[in-house]
Amino acid sequence: MLDTFRKIRNDFRAALSMDPAATSKLEVALTYAGFHAMLFYRMAHWLWKKRIPFLPRALSQFARFLTGIEIHPGAAIGSGLFIDHGMGVVVGETTEIGDNVTLFQGVTLGGTGKQRGKRHPTIGSHVVVGAGAKVLGPITIGDFVKIGANSVVLQDVPDHSTVVGIPGRIVRIKDERVPDEALLDHIHIPDPIADKLIDLQVQLDKLREDMDKLRPGRK
């Protein structure tokens with residue numbers, strides 16, 4: 001129980017520190033749906049681990065009704081989870097989440113079938129999952145990963161990586177930690193395919209220029 005209260009305190013601190021719109025502790029405590037959802041989840045998870053029937057799921061569904069955020073009480077969530085806005089967030093039963101993770105609205109950490117056992121993703125620490133992103137199946141997302149808005153991730157992602165697109169494409173950030181000040185910026189994310197297309201267009205324009213110079217009558 002002491003560990004549960006410690007995690008609740010860290011969830012509260014995460015909401016207060018990560019959201020630039022937070023003006024006071026009272027505002028976070030009374031008006032932040034993400035914090036409220038985590039509060040209900042922490043209680044439901046404690047009951048779930050005690051193998052108490054029905055009540056954990058009932059709390060989970062009540063929290064969903066109040067906040068629009070559905071977190072299965074069986075999910076294992078570390079300390080300092082921040083859910084920004086949160087409407088439409090779904091976290092499945094066998095999901096595992098590390099410490100200091102940020103989820104934006106519309107995120108789904110879900111399964112891909114009806115198989116039993118581990119069927120939801122494992123999310124590392126210091127991960128940011130952008131608005132509307134879907135992370136599906138028993139895959140592993142490493143530490144310090146950024147997942148772009150509306151991405152669909154179906155494969156493992158190594159540490160210090162960025163993922164964009166449908167299906168998710170990995171952009172490796174070699175040996176560099178994502179700066180803390182960039183953790184909330186899930187818009188300005190590199191797109192390697194778009195960059196390649198731009199590069200090809202530049203080359204085509206250069207070839208046309210060279211061909212024009214070779215035409216008779218042109219100096």
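Phe62 is partly exposed, with a relative accessible area of 41%; partly exposed covers the range between buried, which is under 20% relative accessible area, and exposed, which is over 50% (1.4 Å probe, protein chains only). This is a predicted model, where local features need pLDDT of at least 70, side-chain atom pairs count only at pLDDT 80 or more, and totals for chains, interfaces and linings use all residues. Residues are numbered from 1 along each chain as its sequence is written, and side-chain values use heavy atoms, with hydrogens and water left out.

Phe62 belongs to one of the two aromatic pairs that the structure holds. Rings of Phe, Tyr and Trp (its six-membered ring) pair if their centres lie within 6.5 Å; planes under 30 degrees apart count as stacked, over 60 as edge-to-face and the rest as tilted. Phe12 and Phe35 make an edge-to-face pair, at 5.3 Å centre to centre with 70 degrees between the planes. That pair links distant parts of the chain, since Phe12 sits in helix 1 (residues 2-18) and Phe35 in helix 3 (residues 33-49), 23 residues apart. Helices (H or I, at least four residues) and strands (E, at least two) are DSSP runs, numbered from the N terminus. Both Phe12 and Phe35 are buried. The partner of Phe62 is Phe40, again edge-to-face, with 5.6 Å centre to centre and 80 degrees between the planes. Phe40 lies in helix 3 and Phe62 in helix 4 (residues 55-67), so this pair ties together parts that are 22 residues apart in sequence. Phe40 counts as buried at 18% relative accessibility.

Helix 4 itself has 13 residues and reaches 18 Å from its first C-alpha to its last, close to the 18 Å expected at 1.5 Å a residue; the expected span is 1.5 Å times one less than the number of residues. Which residues of helix 4 are buried? They are Pro56, Leu59, Ser60, Ala63 and Thr67. Seen down the helix axis, the buried residues of helix 4 fall within an arc of 100 degrees, so they line one face of the helix; the arc is that of the directions from the axis to the C-beta atoms. The cover over these buried residues includes helix 3 and strand 1 (70-71). Just after helix 4, Gly68 takes a positive phi of about 80 degrees.

Back in helix 1, there is Ala15, which is buried with a relative accessible area of 4%. Not counting residues up to four places away in sequence, Ala15 touches Ala22, Val28, Tyr32 and Phe82, where contact means heavy atoms within 4.5 Å. The C-alpha atoms of Ala15 and Lys25 are separated by 9.4 Å, though the two are ten residues apart along the chain.

Zooming out, the secondary structure of the chain comes to five helices and 15 strands. Buried residues make up 43% of the 219 residues. Of the contacts with a separation of 6 or more, 36% come from residues 24 or more positions apart.

An open sheet of five strands has the order 1-4-7-10-13, with parallel pairing; two strands pair if DSSP finds at least two bridges between them. Strand 1 and strand 13 (152-153) stand at the edges with a single partner strand each, so one side of each is left without a neighbour in the sheet. Strand 10 (residues 134-136) and strand 13 run parallel and are joined by two bridges, with Val152 in strand 13 as the bridge partner of Lys134. Four strands form another open sheet, in the order 2-5-8-11, also with parallel pairing. Here strand 2 (76-77) and strand 11 (140-141) are at the edges, each with a single partner strand, so one side of each lacks a neighbour in the sheet. Strand 2 pairs with strand 5 (residues 96-97) in the parallel sense over two bridges, and Ile97 in strand 5 is the bridge partner of Ile77.

Thr95 sits in the loop between strand 4 (90-91) and strand 5, and Thr95 is buried, with a relative accessible area of 0%. Beyond residues up to four places away in sequence, Thr95 touches Ala75, Ala76, Leu109, Lys118, His120 and Pro121.

Further along, two bridges join strand 12 (residues 146-147) to strand 14, and these run parallel. Ile147 stands opposite Val163 in strand 14. From strand 14 (residues 161-164), Ser161 and Val163 point one way and Thr162 and Val164 the other, and all are buried.
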